[in-house]
Amino acid sequence: MKVIILFGYGLNCEKETAFAFVECSRKLGISNVEVKIVHINEIICNPGELKSSDILVIPGGFSYGDNTGAGNAFALRIKNNLLNQFQDFLSKDRLVIGICNGCQILVKLIPEFFDLALVRNDIGNYQCRWIRVKVNPHSNSIWLHGLDELYLPIAHGEGKFFMSNGVLSHLIKNNSIALRYVDENGNYANLRFPYNPNGSIYDLAALSDRNGKVLALMPHPERGIFFTQQDNWPLEKEKCKRLKSAVPKYGDGMLIFENALKYFC
């Protein structure tokens with residue numbers, strides 16, 4: 001099993017994302033996982049690197065400084081140099097995930113998502129906080145299989161999904177809605193800040209393609225693979241002690257990576 005994680009031109013979360021896959025393989029006891037961090041130019045020069053992979057990851061960051069819009073320039077680099085290879089990869093039994101800036105890039109590469117955009121947060125500034133998201137019970141996403149509610153961090157300035165009501169209805173009909181923001185009681189945020197941190201329509205936090213193999217999400221699962229990374233871990237640890245239950249080692253982010261590796265086992 002081979003995982004390649006892109007980097008270059010401002011993508012800056014490649015190392016922690018690679019670590020998440022390595023730690024996940026250790027947790028699951030899977031020894032044949034190769035995780036490679038590869039510059040986009042290396043893929044352009046040697047497309048066989050992509051062809052020989054099982055999982056493609058576009059991590060978070062600020063590619064090209066987001067100066068021409070979040071993810072635009074990096075998406076164009078892929079389109080102009082690797083479009084046929086990327087489409088061939090998608091046509092095979094392979095998995096793709098785009099995280100934060102990677103999500104902003106992916107929505108410009110997946111035809112199902114061409115009629116939507118990710119724009120500046122309603123609050124007008126960068127948001128870095130922990131949020132709760134609920135998995136669409138009708139989603140067929142391989143990445144989210146068997147999951148319900150997740151506690152994950154976000155860190156973005158342009159995380160608002162924006163589209164027409166017609167496009168939204170189409171995505172809902174196709175079960176492309178993968179994650180939605182919820183409050184502490186598990187109720188949909190209904191655009192309320194800070195539960196919905198960016199004003200995203202329909203409280204959207206992530207999309208999946210109709211085959212369930214591509215996941216484009218704004219939260220950062222790689223930053224929430226350990227329990228002690230959570231902002232509330234001291235309180236949750238105390239709750240565990242009082243209930244005489246085991247303190248967990250891993251956080252909800254790990255579950256997403258587990259699903260991906262289990263798919264190929």
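User: What volume does the largest cavity have?
Analyst: About 60 Å³. Keep in mind that this is a predicted model.

User: How many cavities of 30 Å³ or more does a search of the whole structure find?
Analyst: One.

User: Which residues line the largest cavity?
Analyst: The lining is Leu6, Ile40, Ile43, Leu50, Leu56, Ile58, Ile78, Leu82 and Phe86. By class, that makes nine nonpolar residues, with no polar and no charged ones.

User: Which elements each supply at least two residues of that lining?
Analyst: Helix H2 (40-45), strand E3 (55-58) and helix H4 do. The largest share is three residues, and H4 provides it.

User: Now pockets. What is the volume of the largest pocket?
Analyst: About 190 Å³. Its lining has 13 residues, and Leu90, Ile110, Glu112, Asp209 and Asn211 lie nearest the centre.

User: Which element gives the most to that lining?
Analyst: H4 again, with three residues.

User: And how does the lining of the largest pocket split by class?
Analyst: Six residues are nonpolar, two are polar and five are charged.

User: What about the second largest pocket, how much space lies in it?
Analyst: About 160 Å³. This pocket is lined by 17 residues. Nearest its centre are Gly61, Phe62, Asp66, His156 and Gly157. Helix H5 (101-106) and strand E7 (149-156) each supply at least two lining residues. By class, the lining has six nonpolar, eight polar and three charged residues.

User: Back to H4. Where is Ser91 found?
Analyst: Ser91 is in helix H4, which covers residues 72-91.

User: Is Ser91 buried or exposed?
Analyst: Exposed, because its relative accessibility is 54% and the cut-off for exposed is over 50%.

User: How far apart are the C-alpha atoms of Ser91 and Asp203?
Analyst: They are separated by 30 Å. Along the chain, Ser91 and Asp203 are 112 residues apart.

User: New topic: charges. How many salt bridges does the count come to?
Analyst: The count is 15. One of them joins Asp122 and Lys160, with the closest N and O atoms 2.8 Å apart.

User: Which parts does that pair tie together?
Analyst: Asp122 lies in the loop between E5 and strand E6 (127-135), while Lys160 lies in strand E8 (residues 160-162). So the pair links parts 38 residues apart in sequence. Asp122 is exposed at 52% relative accessibility, and Lys160 is buried at 16%.

User: What does Glu23 form a salt bridge with?
Analyst: With Arg26, and their closest N and O atoms are 3.4 Å apart. Both sit in helix H1 (residues 14-28), three residues apart, which means about one helical turn between them. Glu23 is buried, with a relative accessible area of 8%. Arg26 is exposed, at 56%.

User: And Lys239, what is its partner?
Analyst: Glu236, with the closest N and O atoms 3.3 Å apart. Both lie in helix H7 (residues 233-242), about one turn apart. Lys239 is partly exposed at 41% relative accessibility, and Glu236 is partly exposed at 24%. Elsewhere, shared partners join Lys2, Lys36 and Glu49 into one salt-bridge network.

User: Which side chain of opposite charge is nearest to Lys108?
Analyst: Glu158, but it is 7.6 Å away. Lys108 is buried and has no salt bridge. It sits in the loop between H5 and strand E5 (117-119).

User: What does the Lys108 side chain make a polar contact with?
Analyst: The side chain of Asn72, at 3.3 Å.

Conventions. Residues are numbered from 1 along each chain as its sequence is written. This is a predicted model: local features need pLDDT of at least 70, side-chain atom pairs count only at pLDDT 80 or more; totals for chains, interfaces and linings use all residues. Side-chain values use heavy atoms; hydrogens and water are left out. Helices (H or I, at least four residues) and strands (E, at least two) are DSSP runs, numbered from the N terminus. Buried means under 20% relative accessible area, exposed over 50%, partly exposed in between (1.4 Å probe, protein chains only). On a 1 Å grid over the protein atoms alone, a cavity is a set of points where a 1.4 Å probe fits but cannot get out, and a pocket is an open set with protein on both sides within 12 Å along at least five of seven lines; lining residues have an atom within 4 Å of a point. Grid points are joined across faces, edges and corners, and a volume is the space filled by probe spheres set on the points. Ala, Val, Leu, Ile, Met, Phe, Trp, Tyr, Cys and Pro count as nonpolar, Asp, Glu, Lys and Arg as charged, and the others, Gly among them, as polar. Lys and Arg count as positive and Asp and Glu as negative; His and the chain ends are not counted. A salt bridge is a side-chain nitrogen of Lys or Arg within 4 Å of a carboxyl oxygen of Asp or Glu. A polar contact is a pair of N or O atoms within 3.5 Å; within protein, one must be able to donate a hydrogen and the other to accept it, and residues adjacent in sequence count only if both atoms are side-chain atoms.
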